[in-house]
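Biologist: I would like to learn how to read a model like this. Can we take it feature by feature?

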Amino acid sequence: MAALSMKDLAAAAEATILRPEGLTLQQGEEGGKTRWSFQDEKPPQEEKIINDDVTMKTCTGSIGVGLFARRLLEGGSVILKSHPIAHAARGFDGARCDVCLAPVAKSVKCQGCAAVVYCGKACATSNASKDHLQNGECKAAAALPKILPTCLLAARVLRKMRADPAINKYVSALKRKSNLDGDDELQAAAQVVKQLSGETNENACASVLAVLQRNAHSVCDDELREVGVALYPRAVTAANHSCRPNIWPRFRFTVSKAPVLEYAVLSSVEANKELTHEYADLLDEHRRESLRKNYGFVCACDECAFASKAREAARTQLRAKRDAMEAALKKEEWESAATLAEDVARLEGFWAPGHPYTALHRLRCAKLQNLVGNETAAQVHIMLALVRLVISHGKESSLAKEAADMQARVIHKREGRTLVEDASSDDDYDWRKGMRPW
Ligand SMILES: [Zn+2]
Ligand SMILES: [Zn+2]
Ligand SMILES: [Zn+2]
């Protein structure tokens, strides 16, 4: 394939996707066969109102339900909030606290097993940790080799099902929609879940694992790295996938509490429009295949169904630029990383408006431009990062605060006056902080 110029790439990123007026194209799977359906954009049937902002409605037969806006929703507003039914830690960079999913520096180990750790005394003495000791999970965990987070989650879901008829009903409803053809791996995992949960029926364990395969939610930190896995109620997980999502799940972490899932609106959504989020990386060339494999549908969002060849070629080159940038970051080649990061920033039209990746990327651009001594460029990036982080992550998020702090430092350095007290010395600020690839 001939290399496209930066200008061609930028044009492809900005081009609007053309799709036939007034028509929604949907593609589903049934018995291994792809099924297409076309429909007018009239609101689907069987509405279930969730709150003032959101309603759940049936889409076409093979797609199931989806979430829809009940009124005009502004970017940055939070439309759904929920505690998990159960959760388990999954550290990408080492252990995470079993209760609040915080990174564990000086770990407080569980008294009885090596399967869980806590971030400190508050979590180690919380009700959740007491439950773990008293309900038999700890004793069973101590007798098992390394336990997968999903097995721990499945065992916790099974305990909740036994204790709460509503949860039992909910998971059973999910079961009916899951494909229960288990493989050997699933059967081995079911054995582990059986021991951890005290559930005597091995099939019940296998079917909860199958339910979680499709319905468990990744819990991510502010930098979009997975730190845990959880099962949330249907109302907050019913949104369908789109490669151009308009809502985004973010998590609130509090010591001694389970992570709270919030859905933020990325850019304003008109009443009656479907609310969608993203299950796969937009730049992943295998994303449609992995969506089919993991979630059982063929993505037919506008991005997939109506994209042009030029746009796909540009996407391939954008991915190459992003990979090259991340390689340069790993080698700490700041000059070349900064140049590549500028190219990626110019192509940000590929992502949906307000997409958190673009906020994180602008923050990275700001740091890189500071490192290579281009403060004017850095300032523009910081401003854009801050505006976007407030929408995607929230004003109170650690990254929005970091961006605000960076902005104060840069202004202070330029104007030679103190705008924030603790930013009085710029020399000790490490611009490489958080410079790992996102
Ligand atoms: Zn904790
Ligand atoms: Zn334990
Ligand atoms: Zn798509």
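Predicted model: local features only at pLDDT ≥ 70, side-chain atom pairs only at ≥ 80, totals over all residues.

Biologist: Start with the whole chain. How many helices and strands does the protein chain have?

Modeller: Count the secondary structure elements before looking at any one of them. The protein chain has 16 helices and 15 strands. Next, ask about burial. Of its 438 residues, 37% are buried. Then ask how far apart in sequence the contacting residues lie. Take contacts between residues at least 6 apart; 62% of these join residues at least 24 apart.

Biologist: Which residues touch the most other members of the largest nonpolar core?

Modeller: The largest nonpolar core holds 104 residues, and Cys 97, Leu 153, Ala 154, Val 157, Val 193 and Leu 209 touch the most other members. Helix H5, residues 149–163, is the top contributor, giving eight residues to this core. There is also a second, separate core of five residues, including Cys 243, Phe 297, Cys 299 and Cys 301.

Biologist: What is Leu 209 in contact with, beyond its neighbours within four places in sequence?

Modeller: Its partners there are Thr 150, Ala 154, Leu 186, Ala 189, Ala 190 and Val 193.

Biologist: Now helix packing. At what angle do H7 and H8 pack?

Modeller: Read the angle together with the axis distance. Helix H7 (residues 184–197) packs against helix H8 (residues 202–215) at about 110 degrees, and their axes are 8 Å apart. Angles of 65 to 115 degrees count as roughly perpendicular, so H7 is roughly perpendicular to H8. Their crossing is right-handed. On the H7 side, the contact includes Leu 186, Ala 189, Ala 190 and Val 193. On the H8 side, Cys 205, Ala 206 and Leu 209 are among the residues involved.

Biologist: And H5 with H6: is the crossing left-handed or right-handed?

Modeller: H5 passes H6 in a left-handed crossing. H5 and helix H6, residues 165–176, pack at about 125 degrees, with axes 5 Å apart. The two helices are therefore oblique to each other. Val 157, Lys 160 and Met 161 of H5 meet Ile 167, Asn 168 and Val 171 of H6.

Biologist: Last, the record. Which residues does the "domain: MYND-type" annotation cover?

Modeller: Take the span from the record, then look at it in the model. The unreviewed UniProt entry places "domain: MYND-type" at residues 97–132. In the model, the end C-alpha atoms of that span lie 13 Å apart. The span is 28% helix and 11% strand.

Conventions
Residues numbered from 1 in each chain as written. Chains lettered and ligands numbered in written order. UniProt positions renumbered as here; feature names shortened; annotations may be inferred. Helix = DSSP H or I, 4+ residues; strand = E, 2+ residues; numbered from the N terminus. Core = buried A, V, L, I, M, F, W, Y, C linked by C-beta atoms within 7 Å. Buried ≥ 20, exposed ≤ 12 C-beta atoms within 10 Å, placed from the backbone. Contact = placed C-beta atoms within 7 Å. Axes fitted to C-alpha atoms, helices over the stretch in contact; angles between N-to-C directions. Parallel < 35°, antiparallel > 145°, perpendicular 65-115°, else oblique. Left-handed = near helix turned anticlockwise from the far one by under 90°.
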